[in-house]
Amino acid sequence: MKRKIGLLILCCLLGMTGCNQTIEGNIPTVTPFTEVTDVPTPTEEPEISATLTPTEVPGETAILTPAATPETMATPEPTITPMPTSTPKPTAIPEPTATPVPTVTVAVANRKIIAIDPGHQAKGNYGKEPVGPGATEQKTKVSSGTQGVFTKVPEHVFTLEFSLRLRDELAAMGYEVVMTRETAEVDISNIERAEVANHAEADIYIRIHADGIDNEAVNGISVLYPSENNPYVAELSADSKRLAQAVLDEMCEATGAKKRGIIKRDDLSGTNWAKMPVILIEAGFMTNAEEDRKLQDPEYQTKLVQGIVEGIEEYFKE
Ligand SMILES: [Zn+2]
């Protein structure tokens, strides 16, 4: 009997160490995903070294497992008495294990695929490509974009930082997110970006941009979509329009930004090559000093992201 209890405790202890290890292993893997580009290396490195230090300072992860097993094996057999010591510990297990499980279940339940294109890239490519499938008209592969008049931040930097926030928020809600780019140093044309979304068989394609114009007073948000007369993707117009309106409304409600409206645009190759409902969000004017500053404000970005997410949720609900 005592032996059995001893074995039980042993199993408990082993089970716990196993659990704790997986939990510790899980948390860091999730966190870097969320914050890779926003907050760089400093935040992640201390976490990793912290996990290793308590168990065995010099060792690597591989050395930890064999070292731990003999110790635990040896202790339980003689020490059958410490029943009380083992009882409080199990309380620690259900808490961490319970939290991650529901998140995963939700994630699988409403899994839609969302492709996000952070507009532009570090260096524009002024080569040409057809504006739509079968078109003779050619357009620039990918332009360099606008720039903040006050912050001097280039549009491609804003679109990437912002898109990564949007990616993380959507992923946290259980959506599968596909990014056309996750760094600045790429050379991907607007057609190639649409092909990323097509290849992923995304349910919707969200293109992120910021506006620029020769008038510093102009500000506000607009969302572009293909018209019902678009020569290439007319069949996507109705759904794209519905998505554009939902996203615009929610973004403006979340931020209080000026609502410039949804706008039909049939001259955008990145839109015309898409095979799913597609919108291009002009999140604000970088040529307006106040809006330029706001676009760089993490709190304002969070509100914008929240608006887009709510708009997407609304779109999928209908
Ligand atoms: Zn742009």
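Entry 1, helix α9. I looked up the buried residues of α9 and found Ser-240, Leu-243, Ala-244, Ala-246, Val-247, Leu-248, Glu-250, Met-251 and Thr-255. I called a residue buried if 20 or more other C-beta atoms lie within 10 Å of its own, exposed if 12 or fewer, and partly exposed in between, with C-beta atoms placed from the backbone. I note that the model is predicted: local features need pLDDT of at least 70, side-chain atom pairs count only at pLDDT 80 or more, and totals for chains, interfaces and linings use all residues. Residues are numbered from 1 along each chain as its sequence is written. Helices (H or I, at least four residues) and strands (E, at least two) are DSSP runs, numbered from the N terminus.

Entry 2, partners and length of α9. I found the buried residues of α9 packed against β5 (204-211), β6 (221-225), β7 (259-264), β8 (278-285) and α12 (298-317). After α9 comes Gly-256, which has a positive phi near 80 degrees.

I traced an open sheet of six strands with mixed pairing, in the order β4-β1-β5-β8-β6-β7. Its edge strands, β4 (176-179) and β7, each pair on one side only. On average, neighbouring strands are turned by 20 degrees against each other, direction ignored. I counted two strands as paired if DSSP finds at least two bridges between them. Axes are lines fitted to C-alpha atoms, for helices over the stretch in contact, and angles run from 0 to 180 degrees between N-to-C directions.

I found strand β1 (residues 113-118) parallel to β5 and joined to it by five bridges. Ile-116 has Ile-206 of β5 as its bridge partner. Helix α8 (residues 190-199) packs on the sheet and touches β1, β4 and β5, its direction making about 165 degrees with that of β1. Helix α9 also packs on the sheet, and its direction makes about 170 degrees with that of β6. Six bridges join β5 to β8, again in parallel; Tyr-205 has Val-278 of β8 as its partner.

Definitions and conventions. Two residues are in contact if their C-beta atoms, placed from the backbone, lie within 7 Å.
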